[in-house]
Amino acid sequence: MASRRFDKDVLAGLALAALGSFIALRATSWDLMGEDGPGPGFFPLGYGVLMLALSLVLTLRALLRPSIHAVETGDLAGHMRALLTWAVFAASALAMQMTGFVLGFALLTMFIVAYVFRRGWRSMVLVGFGCSAGFWLVFTQLLGVELPAGPWGF
Amino acid sequence: MEVLNGLGQGFSVALQPMNLLWCLVGCFLGTIVGILPGLGPAATIALLLPLTYGMDPTGGIIMLCGIYFGAKYGGSTTSILLNIPGEASSVVTCLDGYQMARNGRAGAALGISAIASFIAGTFGIVALTVMAPPIATFALRFSSPEYFALMVLGLSLVVVLGGSSLIKALLALLVGLWLTSIGTDLFTSQSRFTFGSSFLISGIDFMIVAIGVFAIAGVMESIQAGEENTPLPVPSSLRELLPSMEELKACRFAFANGSIVGFLVGVLPGAGSSIASFIAYGIEKSVSKHPEKFGTGVPEGVAAPEGANNADSGGALVPLLTLGIPGGGTTAILLSALVLWGVKPGPLMMIESPQVFWGLVASLYIGNIVLLVLNLPLVPVFAQILRIPLYVLFPIIFGLSLVGAYSVSDNIMNLALLAGFGLVGYVMAKFNFPTAPLILGFVLGDAMERAVRQSLTMSQGDPTILVERPISAVMLGFAALILMAPPLMAALRRRRLAVPH
């Protein structure tokens, strides 16, 4: 029974039930129906309640069925690799406000080359700065697209 | 006559040098994208859309449709040469295409794929040309209740056909509806779900959701799977790409089968080209004199799914252009692109923006010829793209995503949202939730809410307005049937299985 807590559908169902409850509760704080017709809470209340009901069905069905669709833990290393890449992507995206696009993107690229693909430092530096310079040249210089600029202007 | 006049006007627009150039650029980019595994047409159009903001709407939509059609053509290359489908719709092509390649007929398989794509693609565009005007004329009778019912019907089909679990698809759709509610209510200016953030008051831009869910999540999945690409031998000359007369003869029925099945399935929202190619392959195998040979490298096994995959594109444009209802992720992005340029797809599009509508249709004919010319002799050149190492390709996809998201409003918060939606897309994939319903819910949510609120305002709050009008009643009835059919069938099946015990 303990492993059922890690059933994919149970986890997803509970998370979506929480979201559905939040949406429905929040919607009730706005006008549902006024003199001019439905208010801003009308539509969200409808899909919020439906989301809550469906997610509970998903959870119950998962709990009642004999076989368990456990979260894939077989490829834990793969998931960790993907999630760590995502974390670095998110961090470098947010840091671009300070570092600018060129440096932030170069660091992200170097991480991918070195960590995900296990390439040597030469490839890392070459691809990192090459891609970054290419983007800066094409988008900022040729197409005039605004990109986050660091203290040095790019 | 109306169609011929429209087409004449369309060709005068599509043959303008700049529009021809955009058509060529779109087809070229689409073919490259189709060849690259992991980067689908939806993600590419989402990535490149910000670059077309400043373009003339006709040129912009011509280029985006070129990408859409080109990706379908190019998708077969990796299926045949690597046994890796470039797009989900090219999965079936792997079955016989890769076997043909292993039997030394890689060139013929690529050639048959290009010819089938051309024949079926052209059939799909002809059918679009003929069917669009009467459908648009009929849709002029629609008011808010009918539009609401139509969206419910379309989304029901998407939910039922788009994934393995009806509940999960519905939940994904509801999350999409919620995401589109974030921001200011258009009727009352009430802020909804903004969590006190001034950034969220204007809502979340569709591009950020699409790029995150398709492009970022796609790369994360490839990284998780530990994909590596290896260079491969490719046909080096046009002669190697030409199928023999026997092979072409064997494909006669497959060309027709793929064309008809692909178009009909394409018109249905949510069915998508993957289903079209599976059905066409299934029909081909069932009517074949040698069904046992399917899977060992028969040319019909390549022609039928590839034809269906391409005819589907013309079919998918019918509901998009005539009703304003996209049937899948890629057409949802095309819809948002048209809206961005101030063009409203729907029954009035042919009247309000004839140059865009007919220019697009005419450019599809031109694009199809361009794609055949590009694909037959240039496949060996395009296949060289497969040599780009993934450690260069993935950063490029990330870079394009960052540029695309940031350029929506030059705000760093867009990048935070982009990362968030990338994670959402990845988690959805890992938990077996389909992403297309989320995207369609996001795209149609606003219009759906507007339609239902306008309907209830018209009836002073009486919901029976939705079932009193015949067209909307019929459409809602169909939607209910569609949604109830799978659980009812499952219950019946369980009952039948339980009887012997």
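Helices (H or I, at least four residues) and strands (E, at least two) are taken here as DSSP runs, numbered from the N terminus. On that basis, chain A has four helices and two strands, which follow one another from the N terminus as α-β-β-α-α-α. The model is a predicted one, in which local features need pLDDT of at least 70 and side-chain atom pairs count only at pLDDT 80 or more, while totals for chains, interfaces and linings use all residues. Residues are numbered from 1 along each chain as its sequence is written, and chains are lettered from A and ligands numbered from 1 in the order in which they are written.

With the radius of gyration taken over C-alpha atoms, and the globule rule set at 2.2 Å times the number of residues to the power 0.38, chain A comes out at 24 Å, well over the 15 Å that the rule gives for 154 residues, so it is more spread out than a compact globule. Its C-alpha trace spans about 55 × 50 × 20 Å along the principal axes. An automatic or database domain assignment divides chain A into domain 1 (2-64) and domain 2 (76-142), and the C-alpha centres of these two domains lie 38 Å apart. Confidence is expressed as pLDDT, the predictor's confidence in each residue, from 0 to 100. Chain A averages 89, and 91% of the residues score at least 70. Among the elements of chain A, strand β1 (residues 33-34) has the lowest mean pLDDT (86), and α1(A) has the highest (96).

Chain B has 22 helices and two strands. Its radius of gyration is 22 Å, close to the 23 Å that the globule rule gives for 501 residues, so chain B is as compact as a globular protein of that length. The C-alpha atoms of chain B fill a box of roughly 70 × 65 × 55 Å, taken along the principal axes.

Burial and contacts can be set out for both chains. A residue is buried if 20 or more other C-beta atoms lie within 10 Å of its own, exposed if 12 or fewer, and partly exposed in between, with C-beta atoms placed from the backbone. Of the 501 residues of chain B, 61% count as buried; of the 154 residues of chain A, 36% do. Two residues are in contact if their C-beta atoms, placed from the backbone, lie within 7 Å.

The contact between the chains takes 53 residues from chain A and 48 residues from chain B. On the side of chain A that touches chain B, the largest share, 18 residues, comes from α3(A).

Helix α9 (residues 206-225) of chain B contains B:A217. This residue is buried, with 25 other C-beta atoms within 10 Å. Leaving aside neighbours within four places in sequence, B:A217 is in contact with B:G212, B:G422, B:G425, B:Y426 and B:A429. B:A491 is 274 residues away from B:A217 along the chain, and the C-alpha atoms of the two are separated by 35 Å.
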